[in-house]
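Let's take a walk through this one, a helix to begin with and a sheet to finish. Have the model open and follow along.

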Amino acid sequence: MHMRRAGILVLLLFLCCSIAYGAEPSVGAQGAALVDGNTGRLLWGKNAEEPLAMASTTKIMTAILVLENANLDDVVTVSKKAANQPEVHMNLKAGEQWKVGDLLSVMMMRSYNDTAVALAEHVSGSVEEFCQLMTKKAAEIGAEDTVFGSPNGLDSQIPFAKHHSTAKDMALIGAYALKDKKFCSVIAQPSITIKEVTGKRQCEVTNADRFLKEYKGAMGVKTGYTNKAGHCFVGAAEQNGVRLVSTVLGSGWGSGGKEKKWSDTKAIMNYGFDTFFPFEAAKKGQVCGKVAMLHSKVGEVNAVLQDGYQGLFSKEEQNAIQLIISLPESIEAPVQAGQQLGNAQIKLKDEVLAEIPILADQTAPAYTLADWLSYLSQSWITWF
């Protein structure tokens with residue numbers, strides 16, 4: 001009897017653990033998303049594609065464009081417009097000169113609004129032109145419903161239609177930014193002291209991103225808050241070679257909302273690391289068929305994948321992934337090694353994850369005149 005009860009208890013414990021392990025996260029955010037940090041594939045979401053305000057997570061895109069369009073040692077001269085930005089600010093003064101790299105660091109670490117405007121004007125000449133560049137870049141990255149009307153995320157004076165994003169889009173933008181090693185080093189700094197070029201003033205700041213200290217493998221990325229957006233956070237973490245990027249938009253307001261953005265992010269990350277694992281769906285050079293060569297001494301060539309495909313997938317997804325091959329049965333020579341013969345699709349249910357060209361693994365020369373005479377003579381003998 002005691003053994004039976006013990007067995008029941010063990011079974012119940014097993015079932016409870018099974019339910020908890022990999023259970024979808026419960027988050028308070030209005031919009032949330034989790035993406036594969038390398039491929040950008042959406043792994044999980046809550047209203048992930050709903051347009052929402054994104055507050056100072058906007059500054060991720062500002063940082064991307066600064067890193068891609070400016071030298072970190074360039075000198076920024078602060079304008080009146082930049083100096084007049086509301087809090088949170090570094091209290092820049094018109095006419096001051098600071099290095100791009102220094103302003104970039106404090107912008108990401110403390111979310112200073114005046115530094116974002118100063119950097120935008122340095123890159124594009126005006127905030128308006130910089131915002132156009134931001135929106136264009138977002139589209140290039142793959143963000144499908146993102147528009148920027150501000151380089152710092154202050155949205156009280158901007159119509160929603162001109163400044164919004166989605167949880168999925170911001171996660172994609174974050175994943176893109178993290179492929180730049182300089183960006184990664186900037187957001188991970190615990191503290192920094194910067195000095196104005198003339199040496200008249202210096203500024204000491206510490207990183208406001210609690211996630212860096214509170215989660216294993218945390219990389220950063222960027223906090224945000226406005227009355228319109230609520231508390232927001234784009235976060236990233238890497239464990240055992242697995243990189244995840246998450247977004248929470250509108251996790252709440254007030255001190256409770258501020259705390260909720262951290263607990264929401266941790267819940268999403270825990271789910272991600274418990275559920276998704278690296279999986280090689282296709283390998284570069286993998287033979288996926290043979291194609292007959294017409295009128296060549298080479299009877300057939302192997303058809304091989306030009307590229308491989310690896311991403312993060314749940315165990316269930318790994319079993320559902322398909323490699324769909326499209327190849328002709330034969331092709332007229334000549335064929336060169338590396339010539340495209342067909343295409344492969346990596347599919348997960350109805351979603352096409354990747355399309356990969358299929359190439360010939362060797363050259364198949366066409367018949368020479370002598371080869372043709374030999375071929376015709378053999379055919380003539382066979383015919384008779």
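Which residues on the other side of α6 are exposed? They are E128, Q132, K136, A139 and E140, where exposed means over 50% relative accessible area, buried under 20% and partly exposed in between, with a 1.4 Å probe and protein chains only. Before going further, a word on the ground rules: this is a predicted model, local features need pLDDT of at least 70, side-chain atom pairs count only at pLDDT 80 or more, and totals for chains, interfaces and linings use all residues. Residues are numbered from 1 along each chain as its sequence is written, and side-chain values use heavy atoms, with hydrogens and water left out.

Buried here are V127, F130, C131, M134, K137, A138 and I141. They sit on the same side of α6 because they cover an arc of only 125° around the axis, the arc being that of the directions from the helix axis to the C-beta atoms. The cover over these buried residues includes α2 (59-69), α3 (80-83), α5 (113-124) and α7; contact here means heavy atoms within 4.5 Å. Helices (H or I, at least four residues) and strands (E, at least two) are DSSP runs, numbered from the N terminus.

As for its length, α6 has 15 residues and reaches 21 Å from first C-alpha to last, close to the expected 21 Å, which is 1.5 Å times one less than its number of residues. Just after α6, G142 takes a positive phi of about 115°.

Carry on into the loop between α6 (127-141) and α7 (167-177), and you'll find S150. S150 is buried, at a relative accessible area of 4%. Its side chain makes a polar contact with the side chain of N152 at 2.6 Å. A polar contact is a pair of N or O atoms within 3.5 Å; within protein, one must be able to donate a hydrogen and the other to accept it, and residues adjacent in sequence count only if both atoms are side-chain atoms. The S150 side chain also reaches the backbone nitrogen of G153 at 2.9 Å. Leaving aside neighbours within four places in sequence, S150 is in contact with T58, C131, M134, I158 and H163.

Finally, the sheet. It is open, with six strands in the order β14-β16-β17-β12-β11-β15 and mixed pairing; two strands pair if DSSP finds at least two bridges between them. At the edges are β14 (321-326) and β15 (330-332), each pairing on one side only. Inside the order, β16 (residues 340-348) and β17 (residues 351-360) pair in the antiparallel sense over eight bridges, and I346 stands opposite A354 in β17.
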